[in-house]
Amino acid sequence: MENISNLLMGFQLALSFTNIMVCLLGIVVGVIIGALPGFGPAAGVAILLPMTFGMPPSTAMIMLCGIYFGAMFGGAISAILINTPGDSAAVMTSLDGYPLAQQGKAGPALGMSTIASFIGGTVGVIALTLIAPIIAKFAVSFGPPEYFGLMVLGLTTLAGMTGKDATKGFMMALLGLFLSVIGADIMTGQQRFVFGIPSLWVGIDFIPVVMGLFGLSEVLINCEEDIKITMQKMKLTLRNILPSKQDMKDSVGALSRGSILGFFIGVLPGAGATIASFISYSTAKKISKHPEKFGKGAIEGVAAPESANNAAASGAMVPLLTLGLPGSGTTAVMLGALLMLGLNPGPLLFRDNPEFVFTIIASLYFANIMLVILNLVGIPAFTSVLKVPYSILMPCIVIFLILGVYSLEFTMINVWIMIFFGIVGYFMKKMDYPGAPLVLALVLGPITEQSLRRSLALSHGDFGVFFTSPISCTLIIISILVVIWPLIKGRCIKKKA
């Protein structure tokens, strides 16, 4: 009953005119950013983070969630129309979406993508509403040792699962941990690694780092590649966007399976929407009575990944809100935003700020409704963004990034930090080093250190405190297994060869 009353309170707060307008703006901007090739939800949230400065915490998070959900759909627009996915989660959508566009069925493909996004997102939000409070109640008993084990698990899972090479992921996580200790010691106040620069005494701000790694680096990469977009001439109106009854009938199984699979995969820290879309697509192909149609223009091939990646977006909010662990690169950015807003994600968030949590959850219901209406009506307008030359678009994004990061404290140090990490991010992308582990470690580093040192203070320096607690011991053992599993797997493969 308490959760129901909290949810009703959340709906009441989320229905305010300001929150609805902010959510709508976030969705529109998110779809546009998501549709641009090379950008994705993480880059979209990072670039547009300055838009939330000065907003109340709930309003700011509603906008970020709107950007997140909008960008998840936006990636499908470019995947279907020009065979260039806006982000990795939309790769599977392009396999059948683009062939459908070549057959003159771009409208039904985009319509199915919109409907699948709505169904997957709604199923995910319902599951979030039911599961998140239960997890939060269980985790509210966590003390410093349990939090340390949880933080270690979060670092190892995302570092190990992001990118093709686990070693590179761990390296980026270690770099992020190093950056997190720059500044004043949290216990003694002693300065660490500031090299006589007064601006670094308070540490490295999360925002310029993430805007450089995800925003500026994408601009540099896209400028170098000289992307030229050519679109087929097609009429996209509300009438020819809606899928037929047969299309819906063929896609019922793919929609339901994708929504359920996507949510539970999204809950796993580090799995994310990309893995969810891959698994959902392959499952739909295996179960289909006509698997030979996949890759040639099967409408189920659009429904399966799109329902999965939007359900995974909702699923990723579960560990973020309940445990303070991001389930994806985008929620890693959102975790930093929550800390920036003065909130501490985790089980105490449900206990101390239930109005904030349930306002966010309630807003996600409206976000999905607005997303489906807005996209069915506004797809022709959104597709026109793809026609804007990159030579005009990229300078505008760079100016927005510089103004946004300068407005943090009105000092140039943050601008230089953003530019530095933009260049670092450029070379990281060139050498296939993932940025998400670095960002996650930068955000979780101070929490991990604080939990470690508090635990040792309580146990008078005895490290056994982490193994006498069953929860902490289990989490640390899982973390160790995550680290050594790639090595064991590699040796087994070599022996078989």
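**Note on aromatic contacts in a predicted model**

1. Lys168 lies over the face of Tyr433, 5.0 Å from the ring centre. A charge counts as sitting over a ring if NZ of Lys or CZ of Arg is within 6 Å of the ring centre and within 35 degrees of the ring normal.

2. This is a predicted model, in which local features need pLDDT of at least 70 and side-chain atom pairs count only at pLDDT 80 or more, while totals for chains, interfaces and linings use all residues. Residues are numbered from 1 along each chain as its sequence is written, and side-chain values use heavy atoms, with hydrogens and water left out.

3. Eleven aromatic pairs are present in the structure. Rings of Phe, Tyr and Trp (its six-membered ring) pair if their centres lie within 6.5 Å; planes under 30 degrees apart count as stacked, over 60 as edge-to-face and the rest as tilted.

4. Phe148 and Phe466 form a tilted pair, with 4.7 Å centre to centre and 40° between the planes. Phe148 belongs to helix α7 (residues 144-161) and Phe466 to helix α20 (residues 465-468), so the pair ties together parts that are 318 residues apart in sequence. Helices are DSSP runs (H or I, at least four residues), numbered from the N terminus.

5. Phe466 also forms a tilted pair with Phe463, at 6.4 Å centre to centre and 45° between the planes. Phe466 is buried at 3% relative accessibility, whereas Phe463 is exposed at 52%. Buried means under 20% relative accessible area, exposed over 50% and partly exposed in between (1.4 Å probe, protein chains only).

Methods
Helix = DSSP H or I, 4+ residues; strand = E, 2+ residues; numbered from the N terminus.
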